[in-house]
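Hi,

Here is the structure I promised to pass on. Have a look at it first, and my notes follow below.

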Amino acid sequence: MKRVLFDENMPRKLRRDLPEFGVRTVQEEGWTGFTNGNLLRRAATAFDVLLTVGQRMRFQQNVAQFDIGIVAIETVDTTLSNLRRLLPRIREAVEKVEPGAMIIVRST
């Protein structure tokens with residue numbers, strides 16, 4: 001089972017739609033407010049994937065230096081209902097992403 005960390009900006013209720021993964025939130029880990037670099041360093045010790053709707057991470061971080069995969073969702077609408085429409089692509093990205101890599105899931 002892949003261990004997935006939801007970034008601060010992810011709707012927590014979406015975790016109910018991903019029962020095949022072990023999902024925790026940044027808030028549950030007590031990591032709220034950490035910069036992306038610090039968050040990735042901490043997350044890499046306990047998680048396989050960071051799931052985020054943060055747009056800046058791919059420009060700010062050299063993800064290859066971290067032992068965690070990142071799935072970034074690019075959408076203007078981050079509501080739960082919109083993200084649920086992307087669930088098949090989110091699931092596929094979480095399964096495929098390798099440590100040190102990033103997969104972008106774009107809404108169409």
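Which residues does Phe 6 touch, not counting residues up to four places away in sequence? In this predicted model, Phe 6 touches Pro 11, Arg 12, Leu 14, Arg 15, Leu 18, Val 23, Arg 24, Thr 25, Val 26 and Leu 51.

Phe 6 also belongs to the largest nonpolar core, which has 20 residues. Along with Val 4, Met 10, Leu 51, Val 71 and Ile 73, Phe 6 is listed among those with the most contacts inside that core. At least two residues of the core come from each of β1, β3, β4 and α5, and α5 gives the most, with four residues. Another core, of 13 residues, lies apart from it and includes Val 26, Leu 40, Val 63 and Ile 68.

Leu 87, Ile 90, Ala 93 and Val 94 are its buried residues. They fall within an arc of 125° seen down the helix axis, so they line one face of α5. These residues pack against β1 (3–6), β3 (49–52), β4, α4 (80–85) and β5 (102–106). On the face turned away from the buried side, α5 carries the exposed residues Pro 88 and Lys 96.

Helix α2 (residues 36–43) has Asn 36, Gly 37, Leu 39, Leu 40 and Ala 43 buried. Their arc around the axis is only 165°, so they sit on the same side of α2.

Best wishes

Note on methods: Residues are numbered from 1 along each chain as its sequence is written. This is a predicted model: local features need pLDDT of at least 70, side-chain atom pairs count only at pLDDT 80 or more; totals for chains, interfaces and linings use all residues. Side-chain values use heavy atoms; hydrogens and water are left out. Buried means under 20% relative accessible area, exposed over 50%, partly exposed in between (1.4 Å probe, protein chains only). The arc is that of the directions from the helix axis to the C-beta atoms. Contact means heavy atoms within 4.5 Å. A nonpolar core is a set of buried Ala, Val, Leu, Ile, Met, Phe, Trp, Tyr and Cys residues joined through side-chain atoms within 4.5 Å.
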